[in-house]
Amino acid sequence: MNKPVDLLEVAEAIDVDADELHQFVNRKTGEVEVINEDALRKADWEKPHDEVNEWQKEERALAEDIIENEDDYEPIPDSYAINDYRLMEIFIDSLTDEKKQATLAQAIRGKGAFRRFKDRIIDLGVADDWYEFKDKEYLAFARQWCEEKDIQYRE
């Protein structure tokens, strides 16, 4: 029987921006597995060799298991699956203070929008509100993704 995955772990995995890492939900164990792209590539085309360190052996074993049992592993979408710019717009619209809304709306226009937005939410004292909002949205996305992929989860 498959074990449920921790929904917060899935949401956190989605939020990770690491081009060289792949993350999967192991449907059987309910674990979020993280593996380096290089390890997956090597396991797919190289013969096993003597890894020097224990972590290399474990990584190799995981890579081989992912390749050999791909139906047991569901790739977790990366942060590009969520439109963070749109989330910023929704957050801005949710604010009741019109001055804060106007300041943040201006901040997200043009190049450097994400950096300016982060600076302004700190200046305006709404950073905690933003991160709480963003976390809820990522959890909702993770929940929907799990349901679409028929992955059991726990909250």
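Glutamate 37 pairs up with arginine 41 in a salt bridge (a side-chain nitrogen of Lys or Arg within 4 Å of a carboxyl oxygen of Asp or Glu), with 3.1 Å between the closest N and O atoms. Both residues sit in helix H2 (residues 37-45), four residues apart, about one turn of the helix; helices here are DSSP runs of H or I with at least four residues, and strands are E runs of at least two, numbered from the N terminus. Glutamate 37 is partly exposed at 25% relative accessible area, and arginine 41 is partly exposed too, at 38% (buried means under 20%, exposed over 50%, partly exposed in between, with a 1.4 Å probe and protein chains only).

The model is a predicted one, where local features need pLDDT of at least 70, side-chain atom pairs count only at pLDDT 80 or more, and totals for chains, interfaces and linings use all residues. Residues are numbered from 1 along each chain as its sequence is written, and side-chain values use heavy atoms, leaving out hydrogens and water.

Another salt bridge links lysine 149 and glutamate 74, at 3.8 Å from N to O. Lysine 149 lies in the loop between helix H7 (127-148) and strand E5 (153-154), and glutamate 74 in strand E4 (residues 73-75), so the pair ties together parts 75 residues apart in sequence. Lysine 149 is partly exposed at 34%, whereas glutamate 74 is buried at 15%.

Then there is arginine 120, bridged to aspartate 123 at 3.8 Å. These two are three residues apart in helix H6 (residues 113-123), about one helical turn. Aspartate 123 is exposed, at 58%. Salt bridges with shared partners also join Arg27, Glu74 and Lys149 into one network.
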